[in-house]
Amino acid sequence: MRATCCAPRVRNAASLFRRLIESAAGISTRRLLQSAGVRFAVIYAVLLSASAAALALFLWWSTAGLLDRQTEASIQADAQSLAERFAAGQVAALIVTIEERLAQNVEDDAIYLLVDRTGRSLAGNLQHWPQGAVENGAWYELPIERAGARSLAVVEAFTLPGGFRLLIGRDVQVRAQLRTLLTDALLWALLVVLVMATAGALVVRSLFRRALANVSDTAIAIAGGNFTQRVRLTGRGDEFDQLAETINDMLNRMARLMEGVREVSNAIAHDLRTPITRARARLEDAAEHAGSAAELRSAIERAITDLDDIVAVFQALLRIAEIEAGSRRAAFATVDVAPIIADAAELYEAVAEEKGVALLVEGPDHLPSYGDRELIQQAVVNLLDNAVKFSRPGSTVRLSAKAIQHGVEISVADQGPGIPEADRERVTERFFRGETARHTPGSGLGLALVQAVAQLHGGSLRLIDTAPGVTGILTLAGHEELAARA
Amino acid sequence: MRILVVEDDKDVGAFVVRGLKEAGHVVELADNGRDGLFLAASEAFDAVILDRMLPGGIDGIRLLETLRGQKNTVPVLILSALADVDERVRGLKAGGDDYLTKPFAFAELLARVEALARRGKGEGPVTKLVVEDLELDLLSRQVKRAGQKVDLQPREFRLLEYLMRHAGQVVTRTMLLEGVWDYHFDPQTNVIDVHVSRLRQKVDKPFPKPLIHTVRNAGYMLRPESA
């Protein structure tokens with residue numbers, strides 16, 4: 001009966017143990033200790049055991065310990081008052097007092113024994129003086145025999161003047177039993193705690209593993225080439241979710257950068273091929289067909305111009321890539337945007353006037369911002385360049401700058417042909433040139449650079465249809481804003 | 001002028017040397033850093049054109065730092081394929097006086113190296129620039145031509161000042177953008193030409209002999225008619 005009831009439990013424990021051994025054997029001890037999951041589990045188990053042990057110690061001290069101390073205190077109080085009696089009325093008074101006390105002792109736990117020089121009992125409830133209790137003022141825990149029953153007592157022995165000896169004590173049999181009970185209970189409790197700590201540690205480890213597995217699965221998938229994989233969110237908004245969100249943000253940014261790189265290489269492959277083909281054709285044609293030295297020279301010069309254009313496009317591409325890489329943020333400093341606006345306006349005012357375009361500038365005298373002065377310059381110049389380029393004679397270009405919440409806003413409004421709705425999203429792509437721009441010189445990289453500068457400065461580039469024409473709005477985030485986002 | 005070219009690419013080196021010689025300069029060519037440093041340290045040059053990536057253990061930056069460490073103040077133009085802003089800053093910090101990125105137009109290189117060599121001569125602070133009958137007073141900020149006052153906008157004044165400081169030398173559009181506008185990039189539209197043509201309207205147009213000349217495929221030059 002007993003065997004059948006306990007067998008499954010034993011087998012379960014055994015199989016658990018075997019599994020533990022097997023899993024431990026699977027990984028070497030070293031690696032086991034290196035595993036953060038195991039470390040956290042061990043820390044959890046040790047902390048739990050330590051706090052349980054501390055609790056048990058305190059419990060012991062405040063129960064069993066307290067009882068012991070109470071016993072000692074009451075014996076000492078007895079001794080004190082009996083000593084006073086003895087001083088007042090010698091042995092006779094002592095005998096009377098002891099008998100009174102025994103009579104009054106309801107709990108029947110008091111032990112007294114007064115003997116004379118020969119060892120004869122004068123008063124008290126013990127048959128004879130226990131062996132070994134010889135020293136004056138010493139404590140003993142002894143087995144005693146009282147009213148025919150064996151028991152356990154804590155006693156203090158005193159030697160009185162005239163050869164009398166006095167024993168004061170308490171029967172602690174019940175308390176000793178209680179103490180044993182408490183010790184057993186605490187030991188069992190500790191065992192339970194150990195088991196729970198182990199189980200808890202395993203749970204902690206598996207939770208830890210599960211939380212990491214989510215991230216590590218994604219990392220493995222991405223390492224394996226699946227760039228669309230993202231870390232799953234549990235939706236609890238806890239630290240793991242925050243980590244997952246941060247990782248996903250990072251992955252999205254990386255994906256965008258990679259997309260950018262892919263776009264650039266496609267663009268280079270496609271858009272640089274055209275001018276290179278042209279230059280090559282010109283040179284080959286000149287080599288084959290040029291009739292005179294002058295003809296040859298002019299063909300070579302035009303080819304050089306073509307090559308210079310290619311170089312310019314190339315440099316613009318590299319610059320955009322450099323900006324997008326974000327390394328220039330290290331050189332950010334406080335910049336006054338107002339003179340940048342004024343300088344750009346001054347630079348283009350002459351061109352605009354020549355074209356019959358009015359250039360209006362408005363803005364404060366000082367407009368502090370934070371960033372790379374040269375890049376902001378270039379972004380403003382690119383916007384202005386575009387606006388003037390696409391303006392019809394007699395129209396107006398407005399360049400303005402103002403402080404906004406958390407930064408600066410620079411806007412350039414023209415009254416040109418505008419950008420069709422369908423193209424507006426794409427004009428900031430590299431090499432994109434709208435239908436209306438086909439017959440205007442340009443590389444199709446100007447707005448892509450402005451966009452990159454805006455992003456580097458934690459801002460944005462928006463193109464708004466303000467018929468007639470279009471308004472480009474470039475925002476730059478301020479220092480605090482950038483710092484807060486970093 | 002005596003110019004040292006330190007360049008390991010044979011084609012580029014030969015091209016630069018030939019061009020400089022044609023422009024009337026005496027040129028030495030070193031095709032590695034060690035020879036370059038030896039020549040630069042032991043002989044007197046008016047300017048050095050220095051490539052950054054050089055064979056022979058000593059690269060352009062090391063060469064330049066060693067040279068500057070020896071208190072050698074020869075003007076150095078760094079010519080490099082490293083075009084990032086950081087690289088440019090590193091080159092200038094090491095003691096370079098100008099930085100030109102490859103690929104480059106020879107006219108740009110010549111104009112810059114001649115400007116550098118001239119600057120190296122250093123005539124001390126000037127308060128007045130004079131070319132023929134054109135006078136520019138840096139203190140009163142007034143311009144006179146043939147005794148007549150010419151009214152210029154502040155930027156036009158600086159443009160003219162730059163041209164006059166480099167009188168007799170070719171000044172490229174990029175040099176003007178850097179020197180007058182402090183723009184270290186090229187705007188797409190050719191804005192400089194418009195500014196120069198406005199300046200011409202005021203400085204040259206009312207007078208019989210033009211001083212500001214366009215140099216084909218290169219830039220501008222302010223010079224007396226006779227030169």
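A:H406 is partly exposed, with 16 other C-beta atoms within 10 Å. Here a residue is buried if 20 or more other C-beta atoms lie within 10 Å of its own, exposed if 12 or fewer, and partly exposed in between, with C-beta atoms placed from the backbone. The phi of A:H406 is positive, about 60°, although A:H406 is not a glycine. A:H406 is found in the loop between β9 (396-404) and β10 (407-413) of chain A. Helices (H or I, at least four residues) and strands (E, at least two) are DSSP runs, numbered from the N terminus.

The model is predicted; local features need pLDDT of at least 70, side-chain atom pairs count only at pLDDT 80 or more, and totals for chains, interfaces and linings use all residues. Residues are numbered from 1 along each chain as its sequence is written, while chains are lettered from A and ligands numbered from 1 in the order in which they are written. Chain B has a mean pLDDT (the predictor's confidence in each residue, from 0 to 100) of 90, and 97% of its residues reach 70 or more. For the complex, the predictor gives an ipTM of 0.84 and a pTM of 0.63.

Chain B also holds backbone exceptions. Most residues other than glycine have a negative phi, and most peptide bonds are trans. B:A146, a residue other than glycine, has a positive phi near 50°. B:A146 lies in the loop between β8 (142-145) and β9 (148-150) of chain B. With 13 C-beta neighbours inside 10 Å, B:A146 is partly exposed. The peptide bond joining B:K102 and B:P103 is cis, with omega about -5°. B:P103 is in the loop between β5 (98-101) and α5 (106-121) of chain B.

Helix α8 of chain B (residues 191-203) has 13 residues. The helix reaches 19 Å from its first C-alpha to its last, close to the 18 Å expected at 1.5 Å a residue; the expected span is 1.5 Å times one less than the number of residues. Buried in α8(B) are B:V191, B:I192, B:H195, B:V196, B:L199 and B:V203. These residues lie on the same side of α8(B), because they cover an arc of only 130° around the axis. The arc is that of the directions from the helix axis to the C-beta atoms.

At the interface, 16 residues of chain B are in contact (C-beta atoms, placed from the backbone, within 7 Å) with 20 residues of chain A. On the chain B side, α8(B) provides the largest share, four residues. That side divides into nine nonpolar, four polar and three charged residues. Ala, Val, Leu, Ile, Met, Phe, Trp, Tyr, Cys and Pro count as nonpolar, Asp, Glu, Lys and Arg as charged, and the others, Gly among them, as polar.

Terms used: Two residues are in contact if their C-beta atoms, placed from the backbone, lie within 7 Å.
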